[in-house]
Amino acid sequence: MALVNTKEMFKKAYDGGYAIGAFNVNNMEIVQGITEACKEENAPVILQVSKGARAYANHTYLVKLVEAAVIECPEIPVALHLDHGPDFETCKACIDGGFTSVMIDGSAHAFKDNIELTRKVVEYAHDRGVVVEGELGTLSGIEDEVSHEVGSYTRPEEVEEFVQKTGVDSLAIAIGTSHGAYKFKPEQCTRNEKGILVPPALRFDILEEVSKRLPGFPIVLHGSSSVPQEWVKVVNEHGGKMPDAIGVPEEQLRKAAQLSVCKINIDSDLRLAMTGTIRQFFDENPSKFDPREYLKPARANIKALVSHKLRDVLGCAGKA
Ligand code: G3H
Ligand code: 13P
Ligand code: ZN
C-alpha cells in the first residue's frame with residue numbers, strides 16, 4: 001500500500017469508536033519502533049513530522065524513512081503528516097514534498113486570520129489530494145499563567161464557522177491537554193490512595209458540545225502523552241531529573257477515542273521510553289560505546305509502548 005491520506009482512516013475510526021495514533025518521528029529507530037508495532041498489531045498509523053524534526057533530520061531523510069516503512073509494512077495504511085505547520089510556506093513544502101496530510105496551526109492568530117490562513121492551505125492541499133488539520137483554542141503549557149483559564153479552551157460556538165469557512169478535514173481542540181512531560185502542576189492534582197498524583201479531568205463537556213455542533217467530523221487531541229510513571233522512575237533512577245512529570249490518564253484518552261476524537265498525538269511518551277532505556281544502558285554499561293547496542297533496546301521499548309497504546313488506549317489494533 002502506498003502512503004494514504006487520513007480521510008478513510010478517520011471515517012472508519014469515527015464510526016468504529018476508536019482513534020488513530022499520531023506519533024512523532026525524528027529518526028530511523030523511532031520510525032521502525034512505531035511501524036513494527038503497527039504491523040504486528042495490524043493498526044493504521046499517522047507518522048508526523050514537526051518543524052523541529054525537519055530542521056533536525058532533513059525533510060528528504062524523513063520522507064524516505066517513512067517510505068521505507070511503507071515498503072516494509074505493506075499491510076497497514078500509513079499517513080505522513082506535518083505536525084504544527086507554522087505557515088503556508090512550510091505546509092506547501094510538505095504538500096509538494098510527499099506528505100499526505102498537513103496541520104496548519106493558526107491557533108495563535110485572531111479567529112479571522114486563522115480562518116484566512118487555514119483556508120489558503122486547504123485550497124492548495126485539496127487540489128493535490130492532501131488533507132488538512134486546523135486548530136482552534138490554544139494548548140496550555142505549564143509556564144503559561146492563563147493556561148487553565150477558560151480563554152485557552154476551544155470555544156464551541158466558533159467551530160461550525162471555522163470548519164465551514166476553511167474546509168478543513170479535521171480540527172484540533174483544546175480541552176485541557178498540553179505538550180510535554182509536565183502537563184499539570186502538582187497543586188492542580190489530587191492524590192490517590194497510593195499517593196500518586198491524579199490530574200484534573202479533561203473538559204469532556206467541551207468535546208461533547210463541539211461534537212454536537214459538528215456531527216461526524218473528526219476531532220484531534222494534541223498533548224496526549226500519559227507520561228508513564230514507570231519510565232519517569234527509570235529516568236530518575238539513572239541520573240535523570242524529571243520531578244513531578246505528569247500526563248493525561250490513559251482512561252481519559254480511551255474515553256475520548258470512543259467519542260469523536262479520531263487522532264491522538266503522542267510524542268513525549270516515546271521520548272521518555274527512549275531516554276530511559278539509553279540512560280539505564282549507560283548507567284549499567286559505562287564502557288560500551290557502540291550506538292547499536294543502546295539504540296536497539298530503545299527501539300524495542302518504543303515498539304512495546306506503541307503496541308500498548310494501540311491495543312489499550314487508542315483501540316485501533318486490528319483496524320488496518
Ligand atoms: O507538538 C510538539 C511535538 O511534541 C513535537 O515536538 O517541536 O520538539 O519536534 P518538537
Ligand atoms: P505530547 O507532548 O503530549 O506527546 O504531545 C505531542 C503532540 O501533541 C504533538 O503534536
Ligand atoms: Zn501538538
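1. Helices (H or I, at least four residues) and strands (E, at least two) are DSSP runs numbered from the N terminus. This is a predicted model, in which local features need pLDDT of at least 70, side-chain atom pairs count only at pLDDT 80 or more, and totals for chains, interfaces and linings use all residues. Residues are numbered from 1 along each chain as its sequence is written, while chains are lettered from A and ligands numbered from 1 in the order in which they are written.

2. Two further residues belong under the heading of backbone angles. Val227 has a phi near 50°, a positive value in a residue other than glycine, and lies in the loop between strand 9 (219-221) and helix 9 (229-237). Asp244, also not a glycine, has a positive phi of about 60°; its place is the loop between helix 9 and helix 10 (250-258). Most residues other than glycine have a negative phi.

3. On burial, a residue is buried if 20 or more other C-beta atoms lie within 10 Å of its own, exposed if 12 or fewer, and partly exposed in between, with C-beta atoms placed from the backbone. Val227 is buried because 21 other C-beta atoms lie within 10 Å. Asp244 has 13 C-beta neighbours inside 10 Å, so Asp244 counts as partly exposed.

4. Helix 2 (28-41) is mostly covered, with ten of its 14 residues buried. Among them are Glu29, Gln32, Ile34 and Glu41. The cover over its buried residues includes strand 1 (20-24), strand 2, helix 4, helix 11 (268-284) and helix 12. At 1.5 Å a residue (times one less than the number of residues), helix 2 should span 20 Å, and its end C-alpha atoms are 20 Å apart, which agrees.

5. Leu62, Leu65, Val66 and Ala69 are its buried residues. They cover an arc of only 95° around the axis, which puts them on the same side of helix 4; the arc is that of the directions from the helix axis to the C-beta atoms. Thr60 and Ile71, on the other side, are exposed. Helix 2, strand 2 (45-50), helix 3 and strand 3 are among the elements covering the buried residues.

6. The largest nonpolar core has 91 residues, of which Ala19, Ile20, Ile34, Val45, Leu47 and Val102 touch the most other members. Its largest share, seven residues, comes from helix 12 (residues 291-314). Such a core is a set of buried Ala, Val, Leu, Ile, Met, Phe, Trp, Tyr and Cys residues joined through C-beta atoms within 7 Å. Not counting residues up to four places away in sequence, the contacts of Ala19 (C-beta atoms, placed from the backbone, within 7 Å) include Ala13, Ala257, Val261, Ile264 and Leu314.

7. Around ligand 1 (C-beta atom, placed from the backbone, within 6 Å) are Asn24, Ser50, Gly52, Ala53, Asp83, His84, His179 and Asp267. Helix 3 (51-57) and strand 3 each supply at least two residues of this shell.

8. Ligand 2 has 13 residues around it, and His222, Ser225, Asn265, Asp267 and Ser268 come nearest. Strand 3 (78-85) and strand 10 (261-266) each supply at least two residues of this shell.

Terms used: Two residues are in contact if their C-beta atoms, placed from the backbone, lie within 7 Å.
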